[in-house]
Amino acid sequence: QVRLVESGGGVVQAGGSLRLSCAASGRTFSGHAMGWFRQAPGKEREFVTAIIWSDGRTYYADFVKGRFTVSRDNTKNTGYLQMNSLKPEDTAVYYCAGGQDTTYYSLSYYKRPSTYDYWGQGTLVTVSS
């Protein structure tokens, strides 16, 4: 069993930056995919980005390309989501998730919440205008 804990959320002005962290514990995260999703009030959970732990492959939703960057530190078993040029519409609870099957090379696969086996509790990001 893998436990995921997000941190780094908070309140930021539009145009600002935040870096979220997702620490994995319980077992090694190697061989997993780490996905980031978000859910705004009254909206469905949506995919933001994913990174494959073993080879660093990354996948991004179109709406964050050029603004958000996903990365990981294998030595710390921690993933990061660097968010720049934040907009009020980025306000949401951000979740990280872990998936055990990384054999697919498809954005559509990693966009699906059902791909992931473990979920963190979420961290709130509020972007003020």
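Me: This is a predicted model. At what distance from the ring centre of Y95 does R45 lie?
Reply: R45 is placed over the face of the Y95 ring. A charge counts as over a ring only if CZ of Arg is within 6 Å of the ring centre. For R45 and Y95 the distance is 4.0 Å.

Me: Over the face of which Trp does R45 lie, at 4.8 Å from the ring centre?
Reply: Y95 has R45 over its face. A Trp ring has R45 over its face too, with 4.8 Å to the ring centre. That residue is W119.

Me: Is W119 buried, exposed or partly exposed?
Reply: The relative accessible area of W119 is 30%. Buried would need under 20%, and exposed over 50%. W119 is therefore partly exposed.

Me: How is the aromatic pair of F37 and W119 classed?
Reply: The ring centres of F37 and W119 are 5.1 Å apart. Their planes meet at 55°. Stacked needs under 30 degrees and edge-to-face over 60. The F37 and W119 pair is therefore tilted.

Me: How many residues apart in sequence are the parts that the pair of F37 and W119 ties together?
Reply: F37 belongs to strand β4. W119 belongs to strand β10, residues 118–119. The pair therefore ties together parts whose separation in sequence is 82 residues.

Me: What geometry does the aromatic pair of F37 and F47 have?
Reply: The two ring centres of F37 and F47 lie 5.6 Å apart. Their planes stand at 75°. Over 60 degrees is the cut-off that applies. The F37 and F47 pair is edge-to-face.

Me: Which strands does the pair of F37 and F47 link?
Reply: These are distant parts of the chain, 10 residues apart. F37 is in the strand of residues 33–39, and F47 is in the strand of residues 46–52. The strands are β4 and β5.

Me: Is F37 buried or exposed?
Reply: Under 20% relative accessible area means buried. F47, with 5%, is buried. F37 has 0% relative accessibility, so F37 is buried.

Me: Which residues form one aromatic cluster?
Reply: F37 pairs with F47. F37 also pairs with W119. The cluster takes in a Tyr as well, Y116. Its members are F37, F47, Y116 and W119.

Me: How far apart in space are R112 and F37, C-alpha to C-alpha?
Reply: R112 sits in the loop between α1 and β10. In sequence, R112 and F37 are 75 residues apart. In space, C-alpha to C-alpha, R112 and F37 are separated by 9.8 Å.

Me: Which residue's backbone oxygen does the side chain of R67 reach?
Reply: R67 lies in the loop between β6 and β7. R67 is buried, at 11% relative accessible area. Its side chain comes to 3.3 Å from a backbone oxygen. That oxygen belongs to F63.

Key: Residues numbered from 1 in each chain as written. Predicted model: local features only at pLDDT ≥ 70, side-chain atom pairs only at ≥ 80, totals over all residues. Heavy atoms only, no water. Phe/Tyr/Trp six-rings, centres within 6.5 Å; stacked < 30°, edge-to-face > 60°. Helix = DSSP H or I, 4+ residues; strand = E, 2+ residues; numbered from the N terminus. Buried < 20%, exposed > 50% of the residue type's maximum accessible area, 1.4 Å probe, protein only. Lys NZ or Arg CZ within 6 Å of the ring centre and 35° of its normal. Polar contact = N/O pair within 3.5 Å; in protein donor to acceptor, adjacent residues only side chain to side chain.
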